[in-house]
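Me: I would like to learn how to read the features of a structure like this one. Please take me through them in turn.

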Amino acid sequence: MTIGERVRDARIKKGYTQEELAKRLGYQSRSSVNKIEAGRDIPRAMLGKLAEVLDVSPAYLMGWDSASTNDSLTAAQLSAHDSNIYPIRLKRFPLLGKIACGKPIFAADDKESYVMADMDIQADFCLRANGDSMTGARIHDGDIVFIREMPMVENGDIAAVMIEDEATLKRVFYYPETGKLILNPENPAFEPLVYIGEELNEIRILGKAVYFMSAL
């Protein structure tokens, strides 16, 4: 694959249109992205920006590395890309305030720190579980839960949900025909949280839980 083909492949995997990628790169129109994907030479400075926006490594775009997400390879590692010793590839995920597995608790929007985890995890941020209401889904107190940001999830998905200024992690069931939202725990010791009518105006889906990480 050429550099342009790798850019196009990474863009499609991220779900970006050429217009969206151009905007993230600071271009006025998609024509610049179209030229890159068609094979135009890419300045070194732009190569780094492309890698950052597309969540890949510069080595991947150059064809030196088959990895499809960002890493921190040094120049020495790049020169030894044909070695039989391979780096463990990690990336940083923003860790937000704790999220309740039980009663909702306040979840700070500011980033407390970062969690290093496998580069293949497709998530936007992570939260630390606090409580025992989701143990039936193998999510325990202190576990790190990775969230893919989205405004709505499928019925039965586990999601991070904001209730006014508080957050909780529950299995979501929404019934638009009756205007009812049920947030189900995964522990029989806890009761479902039920919201109807105007109560739904105070509720926002943060995103779908896609991975969790427990301490061994």
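Reply: Start at the end of a helix: just after H2, Gly26 takes a positive phi of about 90 degrees. Helices here are DSSP runs of H or I with at least four residues, strands are runs of E with at least two, and both are numbered from the N terminus. This is a predicted model, in which local features need pLDDT of at least 70 and side-chain atom pairs count only at pLDDT 80 or more, while totals for chains, interfaces and linings use all residues. Residues are numbered from 1 along each chain as its sequence is written, and side-chain values use heavy atoms, with hydrogens and water left out.

Me: Which residues of helix H2 are buried?

Reply: Buried means under 20% relative accessible area, exposed means over 50%, and partly exposed lies in between, with a 1.4 Å probe and protein chains only. In H2, residues 18–25, the buried ones are Gln18, Leu21, Ala22 and Leu25. They cover an arc of only 100 degrees around the axis, so they sit on the same side of H2; the arc is that of the directions from the helix axis to the C-beta atoms.

Me: Which residues other than glycine have a positive phi?

Reply: Asp55 has one of about 60 degrees, and Arg138 has one near 65 degrees. Asp55 is in the loop between helix H4 (44–54) and helix H5 (58–62), and counts as buried at 16% relative accessibility. Arg138 is in the loop between strand S5 (125–130) and S6, and is exposed at 59%.

Me: In what sense does strand S11 pair with S6 and S7?

Reply: Two strands pair if DSSP finds at least two bridges between them. S11 (residues 203–213) pairs with S6 (residues 144–149) in the antiparallel sense over 6 bridges. Within that pairing, Arg148 has Lys208 in S11 as its bridge partner. S7 (residues 158–163) is also antiparallel to S11, over 5 bridges, and Met162 stands opposite Arg204 in S11.

Me: How many aromatic pairs are there in the whole structure?

Reply: A pair of aromatic rings is described by the distance of the centres and the angle of the planes. Rings of Phe, Tyr and Trp (its six-membered ring) pair if their centres lie within 6.5 Å; planes under 30 degrees apart are stacked, over 60 edge-to-face, and the rest tilted. The search finds 1 pair. The rings of Phe93 and Phe146 have centres 5.1 Å apart and planes at 75 degrees, so the pair is edge-to-face. Phe93 lies in strand S1 (residues 90–95) and Phe146 in strand S6, so the pair ties together parts 53 residues apart in sequence. Phe93 is buried at 1% relative accessible area, and Phe146 at 0%.

Me: How many disulfides does the structure hold?

Reply: A disulfide is a covalent bond between the sulfur atoms of two cysteines. The criterion used is a pair of cysteine sulfur atoms within 2.5 Å, and the structure holds 0. Cys101 is buried, with a relative accessible area of 1%, and Cys126 is buried at 0%.

Me: What does the secondary structure of the protein chain come to?

Reply: The chain has 6 helices and 11 strands. Of its 216 residues, 42% are buried. A contact means heavy atoms within 4.5 Å; among contacts with a separation of 6 or more, 54% join residues 24 or more positions apart.
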